[in-house]
Amino acid sequence: MDGLFAIGILLLIALPVMAFAGFFIALGARRGVTETRDQTHRIEQALNAVARRVDELDRRLGRLETGAPRPAGEAAAAPAPLPSEAPTPTGEAVPGPAPDAEAERRRRAAALFEAADRTRKTRETAPAGEPGEPAEAASGGAPGPDLPLVAGTVPPVAPRPAAPGRGLEETLGTRWTVWIGGLALALGGIFMVKYSIEQGYFGPAARIAMAGLFAAALLAAGEYLRRHELARPIGGLDVAYIPGILTAAGTVAAFATVYGAHALYGFVGAGPAFLLLGAVGLGAMALALLHGPWLAVLGVLGGYATPALVSSEAPNLPALVLYLLVVTASAFGIARLKLWRWVAAVALAFAVLWGLPILDTLGRPDPRTLWYIGYVAGLLALVAGVLVVSIHGLSPVVEDKATDRFAILALSLVALLALFGQWQDEHGLSSRLLAGATVLTGFGLAWRVNGVAPAVLVSGLFALASVLGWQVHVAPTLWEDTFARGADGLVALRPRIIADFLAVAITAGLLHLAIGFLGALRGTPEADRNAGWFALAGTLPPVLGLVVVWLRVEGWEPSFAYATAGLALSAVFAAAAGRLVRVERPDHPSRAVAVYVVGSVAALGAGLAIGLDRGALTIALALIVPALAWVHRARPIPTLRPLAALVGLAVLARVLWDPRIVGDDLGTTPVFNWLLYGYGIPAAGFAFAAWTFRRSGDDVWQRALEALAVIFAGLLALFEIRHAVNAGDVFAPSTSVEEVGLVATVGFLMSAGLGRLAGRLNSVVYDTASMTLTAVGGVVAVVGLLLAQNPLVTGDSIGEGVFFNGLLLGYLLPAAAAGLAARLARIGRPRWYAGLLAGIALLLGFAWVTLMVRRAYHGPVLAYGPEPDAELWAYSAVWLAYGVAMLVAGLVLRSQPARLASAGIIVLTVLKVFLIDMSAITGFWRALSFIALGLVLVGIGMLYQRLLFPPARGPGQGGAAADGGPEPGGGPEG
């Protein structure tokens, strides 16, 4: 009863699904019936048109046989006159037929009947709109009576209408139902086996037998449908994939059957199960030739999953390697025959992934590593032979072709596996042979297969990574310098190990150097892109390899020998560029030339970096940038612009790593120290390069160099100030008012200079930097000088000097710099910008005169002590003097903002005198305060009356006009 109940539940669940599927299948069938009925109707119309045409031909033939005259309406439609009916020279026709006219008429009538019969047969076998159907017949209309059908003529062909797009209904009814149905069949078999196990209906043998029969039935059904009518299109519906779905379901069931017989019940041992599962996978790939690529993918997945499904405590590595190579070869072969690249991609991905568990089973060292190396070598041969050579062929002629990215990716993945093998084998003999085969395969493919020219660079990067992974440690002690562990795992003299390492590295470098140059020379100028790949492979690996070898053997210590090698490489690359220049086209600069020029500069930089130490290295790298700009000026190679910017960023990274340039050896000498050279020379070099590159265009790389020039100039000023103020310690944790004032001064001066430079060069970078430095200087001045580092707040000493003290550097100097920046900003800047700078200058100057009065009465420390009457009076006197000075400056410079600032200071002084001095000061000092204030105010009034707004004079008195206008030359200016 439980079984029947379960079957009933399954039926209840299946009924809605079947109804849903049946509904859409019925809709699809109805559409097919409608299309078939329409096609039948069009065929009937075409046959009726042919029948009418045949009747017309019969009537014409009867008239020809009886000699009856034609109707008037058919006069124009009469066939061309026979030779016996040709008109005479006078225009009259010869009455009566010629003796052979009857035979000619019969011949033409037979030809007409033959053409009509052929047309009828064509209409019976071809649907409407197919080739061979006249346009009139296809549209249902009869041909006109004046279009004679003559044997040998080709009727016009109506254009076939475009197939409508597949809608949701058709997709659901004709595709999704089949796919879901195939999945349901496979799952149904699995669930049935599971249900039979749970209920205990059958024994293990019977279950496996029924599962095998179910798989065989699905495979047989798929093959039957492939060979019979259901596999053909019906009414335009493509149902040919149904056999493939059934075959795929049968393949899944076969995999499950074999695996169940092995893993669940132990009927089949590991060896037979391995062979049976592999056979199922290979069989699925073979059936994919008949059923499509999805079955091939299923076979690939099953084939690569078999070793994981069938495992043992002592895996047979040789059998596994051979099996994986057979599966990979089969998948690649099928993909090549059917041009299914994505099937090959799936197989390649699993073949590469299987290399990792093989490595995981090996020890270090392990003699079985040879099998892994053999596996990688086999993959390399399959990729090169099947995925590259069999597709592109070998060409002795070099030319530029589209790059086969999939082939390059495949070669790169195999090279990665070879690299893992080298690390596993610790660069033993077998792994070196594999590395050599990988490099030479890349060279050979790039040389003879134009579509995979980047393979030569893949080989170069593989060789570089191989050298980089070679564990040759730098020896810090005598013992380690004498003995070391070699590639064979044995302890030996370190000089022998170094010699072994150098021999391999130098051989690889020279090989790439030679092949790269020969390939570049061979491809220039006909195959410029191909030549560029070879040039890149001939420059990048040798230069980077030199740096890697130097680090492995010498560490970061300078080395004259390796520096000489770098300079020699630079000379070789320069010579190669000169040789290629002679063969390139004048109207098309060669990419290989650009690569070798860049390589020469890179080798030069590497040699300098190896031979010089810290500060010298920074300067040497920075000098490469103007050298690149100079080369670009002589030969505008586009690659030099980004290269110069990248070198500049490398120099920036170098100084950020050690801002002191030479570490603790910086010294205490102000200005003239390594900071000047380490920051000043790069700043000048970057500015020169930016100016040189600007002559040939403004782009992101040129702007990057301008930004680097500004950054290095700013860092130079900042670190020189910190070095001078803090006795050589640029990382001092404290700061002072003098340092903050100098920083603000430099900010204002650089802002002014960059602003003028931006106006001359029309540089966005310099303009933005100028605005940024103004903002930075303003924040440092207001927040740092007036608040955070104000001696009245901090209580710090400003020095013993009466005038030359911390206030001079902290307030007066930045005030003068801000005033100068405001004066220069009147040209090309908004008025608010210049007014902001002038306001900052006014505040700093006012703070200076005030604090100087405080210094006169309280000494170096300003934060403590009482305020006598003389000090309060002195504040008023100094503020008045400061206001008068601003007024004089405004009159001399004809600056209305300066005069208005003077008025503000005078008003502030007046308020102080009347609000503070009147109550806080007594006796002589209070009287003197008011007298001085009165005299100053009267004097200011006289200045305004005499110079700015003189009184009106009568006629003949000269001076200004009667309306009270200012005298010539004395009027105010903004």
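A residue is called buried under 20% relative accessible area, exposed over 50%, and partly exposed in between. In this predicted model, valine 583 comes out at 26% relative accessibility, so it counts as partly exposed.

Where does valine 583 sit? Look in the loop between helix H19 (560-581) and H20. Setting aside residues up to four places away in sequence, valine 583 touches Leu521, Thr524 and Pro525. Take leucine 521: it is 62 residues from valine 583 along the chain, yet their C-alpha atoms are separated by 8.2 Å.

## Two nonpolar cores

The largest nonpolar core has 69 residues, and the ones with the most contacts inside it are Tyr596, Leu628, Tyr679, Leu705 and Phe712. Helix H20 (residues 591-611) gives the most to this core, putting in twelve residues. Another core, of 60 residues, lies apart from it, and includes Trp354, Ile373, Val449 and Phe462.

What does leucine 628 touch? Beyond its neighbours within four places in sequence, leucine 628 is in contact with Val601, Leu640, Leu643, Ala644, Val647 and Phe693.

## Helix H12

Helix H12 runs over residues 369-392, which is 24 residues. At 1.5 Å a residue it should span 34 Å, and because its end C-alpha atoms are 33 Å apart, the two figures agree.

H12 does have a bend, of about 25°, at glycine 385.

Methods: Residues numbered from 1 in each chain as written. Predicted model: local features only at pLDDT ≥ 70, side-chain atom pairs only at ≥ 80, totals over all residues. Heavy atoms only, no water. Helix = DSSP H or I, 4+ residues; strand = E, 2+ residues; numbered from the N terminus. Expected span 1.5 Å × (residues − 1). Bend = angle between axes of the 7 residues up to and from the residue. Core = buried A, V, L, I, M, F, W, Y, C linked by side-chain atoms within 4.5 Å. Buried < 20%, exposed > 50% of the residue type's maximum accessible area, 1.4 Å probe, protein only. Contact = heavy atoms within 4.5 Å.
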